[in-house]
Amino acid sequence: MRGLDNRMMQRLYGKRKEWMLAVRRFDRTQQAIVLFLALLSVFMLLPIVYVFNHAFKPLHELFLFPPTFIVQDPTFQNFIELLALTQDTVVPATRYLFNSIVVTFLATAGMVATGALCAYALSKHPFPGAKLVMGSIITSLLFAPETIAIPRYVVVQSLGIMNTYWGHVLPMIAMPVGVFLIKQFIDQVPNEMIEAAKIDGTTEFGIFLRIVVPMVTPAIATITILAFQNAWGNAETSTLFMQEDAMKTLPFYMGTLTSNLANAVARQGAAAAGALIMFLPQLIIFLLSQRKVIATMAHSGIK
Amino acid sequence: MSSKAEIRPLPKTRTPGAAFGFGSKWTRSIKETARNAWKWRLSYLFIAPFYLMFLSFILIPIVAGVLLGFTYFNAIQFPTWVGWMNYQNLFSQDIIFLQHVVPNSFKFALFVGPIGYIASFLLAWLIAQLPGLLRTWFALAIYAPSLTAGIAMTVVWQVMFTGDRTGYLNSFLLKWGLIEKPVLFTQSSEFLMTIMIIVSIWSSMGIGFLAILAGILNVDKQMYEAGRIDGISSRLQEIWYITIPLMKPQMMFAAIMSIVYTLKAGAIGTQLSGSNPTPNYAGQLMINHIEDYGFIRYELGYASAISVVLLVVCYALSRFFGYLFAPKEGE
């Protein structure tokens with residue numbers, strides 16, 4: 001045990017030493033870069049720091065003049081207000097939160113599972129039409145769902161999945177950028193491994209599950225994040241495909257909170273608390289997997 | 001339809017022979033294709049779940065959108081075919097489109113697209129020059145705003161730019177004596193566009209930025225040494241002759257992401273000002289115009305025609321980037 005600790009200490013110390021040396025070795029340009037980026041990142045992070053502070057401000061601090069940036073005595077009042085706002089109406093805010101969690105979970109899991117399966121076939125099976133399918137996916141990267149909202153509405157209506165969870169989940173599964181990224185990554189898996197597994201008598205699905213998936217975990221992690229971001233922040237499916245309030249999700253509710261906020265400031269605190277609830281999961285998930293994300297993005301190129 | 005009248009006779013005269021020739025060939029090739037497809041049935045099964053979703057929610061809507069663009073459709077009655085009329089109206093009679101939407105979209109796209117793209121590249125390059133831990137932190141700081149893109153962050157911007165003195169910007173400007181009374185930033189036609197552009201650039205460093213960063217980090221260090229031997233003397237030359245050519249595919253991916261982002265980001269105008277149409281149409285972009293006609297006035301055919309114009313512009317842009325970043329011979 002002590003030996004282990006010692007080794008760890010040594011490693012940590014070694015890292016620190018390395019780090020100090022690196023800083024000292026910085027030349028003028030690198031010092032300038034660090035300074036510039038430090039200033040810039042303060043500017044970039046300012047609105048985010050602000051949301052954190054604003055969400056915890058008590059009522060009297062929200063409307064101070066001159067406005068303060070940092071919260072003086074933090075409270076959970078805004079979060080309570082956010083939940084209490086709609087308690088006496090038919091649809092409480094917790095229902096939106098519940099819908100959001102269900103939809104995000106199903107859409108992310110569905111996107112990753114179907115996307116990885118599709119990407120594997122596209123990458124390793126030269127079936128007739130594979131090029132055409134891939135071509136259609138790459139071309140469609142271009143078309144933001146917003147531009148085809150109207151025909152999408154017609155499709156969802158004619159499938160009869162309005163006001164159901166399917167109406168949220170199925171359109172979100174169709175995320176071409178996910179398939180594209182995993183496919184680029186699976187391209188790196190050597191064909192010999194798959195051939196060897198085939199000779200050993202592994203089924204195609206077995207190859208996918210036990211050989212390909214473990215090798216492309218970085219790509220899977222990345223598209224999990226992208227699918228999660230897409231689903232968690234998506235107000236489009238609620239606005240367009242859901243008429244019943246009980247089926248709408250949190251981003252939609254946030255939209256109704258902020259839409260009348262332009263010059264009135266009521267409910268500002270609750271809106272800030274909601275913004276924080278929307279933002280935090282994304283940040284945490286990204287922090288946990290940023291290394292894998294960058295490793296995947298190296299293969300993102302379109303040739 | 002009517003314009004094709006003069007070429008109609010031609011295929012008729014050719015048909016008999018061609019049909020005969022093709023017919024026998026067809027039956028044979030259909031059989032072969034079917035047999036081939038059966039051999040790959042498992043692959044089709046693998047792609048089926050995703051591709052069915054893709055077909056129904058992306059590909060069919062795109063085709064349907066193009067078709068709807070030629071119709072009058074109010075979401076209640078069955079669409080009626082009106083030919084090119086929507087497009088004619090759009091380019092000759094829609095004064096709001098011609099006077100506000102087109103110039104606004106052009107201005108917005110010009111700033112957010114190229115500036116955001118170039119800034120992504122420069123920032124990624126600067127970050128790549130730093131060692132491990134610092135690199136991670138700065139990359140995160142630059143990337144984090146893109147996580148906020150969407151409806152939730154509106155609250156921040158609205159409070160920052162609130163029209164009374166409790167708004168941060170107003171309070172700051174008042175304090176320094178730059179203005180005498182609070183400005184209604186999000187309601188004014190002078191400032192709305194500028195605010196939209198700043199906010200959009202702020203949150204534009206998304207997965208395109210990460211792709212560029214990864215691309216730069218992936219360039220083999222030996223290439224730079226080789227370049228130095230070949231007489232490359234400055235960092236700028238290094239970027240131009242080594243870094244960019246080696247990461248063209250990532251640049252292409254980032255370019256497409258940038259186009260899509262710019263297109264989506266346009267919706268921010270209505271979120272900031274809280275109304276569609278935006279005050280005096282100052283922040284009215286193509287995407288808001290589509291929403292205005294599609295979901296407020298329920299002229300879905302006309303709105304689809306505008307979407308098609310937008311898609312065509314995006315496609316043309318992507319072809320341009322494709323040409324720019326196409327691998328040259330010998331690469």
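Leaving out its neighbours within four places in sequence, Phe209(B) is in contact with Ser120(B), Leu123(B), Ala124(B), Ile127(B), Ala139(B), Ile142(B) and Tyr143(B), where contact means heavy atoms within 4.5 Å. This is a predicted model, in which local features need pLDDT of at least 70, side-chain atom pairs count only at pLDDT 80 or more, and totals for chains, interfaces and linings use all residues. Residues are numbered from 1 along each chain as its sequence is written, chains are lettered from A and ligands numbered from 1 in the order in which they are written, and side-chain values use heavy atoms, with hydrogens and water left out.

Phe209(B) also turns up in the largest nonpolar core, which has 179 residues. A nonpolar core is a set of buried Ala, Val, Leu, Ile, Met, Phe, Trp, Tyr and Cys residues joined through side-chain atoms within 4.5 Å; buried means under 20% relative accessible area, exposed over 50%, and partly exposed in between, with a 1.4 Å probe and protein chains only. The core members that touch the most others are Leu122(A), Val216(A), Met297(A), Phe209(B), Ile212(B) and Phe253(B). There is a second, separate core of 12 residues, with Leu82(A), Ala93(A), Leu250(A) and Ala270(A) among them.

Residues 108-128 of chain B are 100% helix and 0% strand, with end C-alpha atoms 29 Å apart. For residues 191-219 of chain B, the span is 79% helix and 0% strand, and the end C-alpha atoms lie 42 Å apart. Helices (H or I, at least four residues) and strands (E, at least two) are DSSP runs, numbered from the N terminus.

Within chain B, helix α1 (residues 9-39) has the lowest confidence, at a mean of 63, while helix α2 (residues 41-68) has the highest, at 90. Residues 1-21 of chain B have a pLDDT below 50, and this stretch has one contact in the model beyond near neighbours in sequence. The complex as a whole gets an ipTM of 0.81 and a pTM of 0.81.

Where the chains meet, chain A puts in 105 residues and chain B 96 residues. About 8600 Å² is buried between them, 82% of it from carbon and sulfur atoms; buried area is the accessible area (1.4 Å probe) that two parts lose on being put together, summed over both. On the chain A side, Met44(A), Leu142(A) and Ile150(A) lose the most area to chain B, together 9% of what that side buries.

Chain A itself has 15 helices and zero strands, and 53% of its 303 residues are buried. In helix α8 (residues 165-173) of chain A, seven of the nine residues are buried. Their cover includes α5 (93-124), α7 (149-159), α12 (217-232) and α13 (236-241) of chain A, together with α2 of chain B.

Leu141(A) sits in the loop between α6 (130-140) and α7 of chain A. Leu141(A) counts as buried because its relative accessibility is 6%. Not counting residues up to four places away in sequence, Leu141(A) touches Pro176(A), Val177(A), Phe180(A), Ile302(A), Ile256(B), Met257(B) and Val260(B).

Notes: pLDDT is the predictor's confidence in each residue, from 0 to 100.
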